[in-house]
Amino acid sequence: MKTPTAPAAPPGGTPSPEGAINDEYEPDNIPNQATTLEAEIPQTHSISTGDSDYVTFVLSETRDVVLETSGGGGDTKLYLFDEAQNEIDYNDDGGVSYFSRIHRMGLAAGVYYAKVTSFSGTTTVPSYTLTLTLSAPLEPAPADFTLAWNNQTQSVVATWTGTPTALTYNVYYDDDSLQPYDPEQQAAEGPSPVSTDVLTQSLSGFPMGTYVYVTVRAVNAEGEEGYGTEIQGIMVPLAEDPYEADNTFNTARFIESGEPQSHSIHAPGDYDYG
Ligand SMILES: [Ca+2]
Ligand SMILES: [Ca+2]
Ligand SMILES: [Ca+2]
Ligand SMILES: [Ca+2]
């Protein structure tokens, strides 16, 4: 709801609602008033009660784009719009603390708008910096990435779909899901990452019960790596014990009194009936 009377001007300041105090880019509350934001030239704004800060930027060619707010304190929200002012992305707290960050891969050439507001219309942000970072688009992540256990070759097998200009693929693996890829146990195929020019890679030689986490990145002719697939993990199954198959009552083995049996739960879903 709009109040019919404008708030009194603070001492030394200029009256709102057009804009905040000490925000040299005001008025910029609508797209037509947007300030041009240049890559690598951060702008410092502020958010007064009910304020919106619009910027615009132009991509002359397809670019990977990072748009980020930062500052000493405050909670921003960040919106990205195309030239027709359709919202194409939104972020609240993807930056440091409660600041915002939008990362768009392969954004097409054109005119874009971004809007920064505070978390709610009633909160203010005394000072924040808005930064635009552009980079040449990386090779996209390979699609259809799957990880499976091959019992015959006793290996973890990664498969994926090729990307348009990839020459090779780097297959990163680890025995934990945390960066970096620093497996304690090296695969027989070599240290992480293993390079291949086909669309599959086997990884073998891990101890039973090890979780193996894998991601794949395309590498182009210039040797530049693209984006990684989502990380997938799979457990190297424990060896089948000598009493298998005993997964049903019908195949249950008779236990002699005084003769303990040593089994293993060799894979998820294994049951050892006795
Ligand atoms: Ca402002
Ligand atoms: Ca504004
Ligand atoms: Ca936020
Ligand atoms: Ca690790």
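The model is a predicted one, so local features need pLDDT of at least 70, side-chain atom pairs count only at pLDDT 80 or more, and totals for chains, interfaces and linings use all residues. Residues are numbered from 1 along each chain as its sequence is written, while chains are lettered from A and ligands numbered from 1 in the order in which they are written.

Gln85 has a phi near 65°, a positive value in a residue other than glycine. Gln85 counts as partly exposed because 13 C-beta neighbours lie inside 10 Å. The cut-offs behind that word work like this: with C-beta atoms placed from the backbone, a residue is buried if 20 or more other C-beta atoms lie within 10 Å of its own, exposed if 12 or fewer, and partly exposed in between. Glu40, found in the loop between E1 and strand E2 (43-47), also has a positive phi near 65° without being a glycine. With 8 C-beta neighbours inside 10 Å, Glu40 counts as exposed.

Gln85 turns up again in the surroundings of Tyr113. Leaving out residues up to four places away in sequence, Tyr113 touches Pro31, Ala34, Tyr54, Thr56, Phe81 and Gln85, where a contact means that two C-beta atoms, placed from the backbone, lie within 7 Å. Tyr113 is also listed, with Val55, Leu67, Leu80, Tyr112 and Ala114, as having the most contacts inside the largest nonpolar core, which has 21 residues. Such a core is a set of buried Ala, Val, Leu, Ile, Met, Phe, Trp, Tyr and Cys residues joined through C-beta atoms within 7 Å. Two or more residues each come from strand E3 (52-59), strand E4 (63-70), E5, strand E8 (110-118) and strand E9 (125-135). Another core, of 18 residues, lies apart from this one and includes Trp160, Ala166, Tyr169 and Leu203.

As for the overall make-up, the protein has 17 strands and zero helices. Of its 274 residues, 27% are buried. Among contacts with a separation of 6 or more, 63% are between residues 24 or more positions apart.

One piece of this strand-built picture is an open sheet of three strands, in the order E10-E11-E14, with antiparallel pairing. Its edge strands, each pairing on one side only, are strand E10 (143-150) and strand E14 (200-204). On average, neighbouring strands of this sheet are turned by 15° against each other, direction ignored; the axes are lines fitted to C-alpha atoms, for helices over the stretch in contact, and angles run from 0 to 180 degrees between N-to-C directions. Strand E11 (residues 155-161) pairs with E14 in the antiparallel sense over five bridges, and two strands pair if DSSP finds at least two bridges between them.

Val219 stands opposite Glu225 in E16. The hairpin of E15 and E16 has five residues between the strands, and Gly223 takes a positive phi near 85° there.

Val236 sits in the segment after strand E17 (232-235), and counts as buried because it has 22 C-beta neighbours inside 10 Å. Beyond its neighbours within four places in sequence, Val236 is in contact with Val156, Phe206, Pro207, Met208, Gly209, Thr210 and Val212. Val236 and Asn151 are 85 residues apart in sequence, yet their C-alpha atoms are 9.5 Å apart in space.

Two cis peptide bonds are worth a look. One joins Glu26 and Pro27, with omega about -5°, and Pro27 lies in the segment before strand E1 (35-36). Another runs from Gln179 to Pro180, with omega near -5°, and Pro180 is in the loop between strand E12 (168-174) and strand E13 (194-196).

Finally, the confidence. The average pLDDT, the predictor's confidence in each residue from 0 to 100, is 86 for the protein, and 80% of the residues score at least 70. Over residues 1-20 the pLDDT is below 50, although this stretch has 21 contacts in the model beyond near neighbours in sequence. Residues 267-274 also have a pLDDT below 50, with 17 such contacts. Where pLDDT is low, the predicted coordinates should not be read in detail.

Notes: Helices (H or I, at least four residues) and strands (E, at least two) are DSSP runs, numbered from the N terminus.
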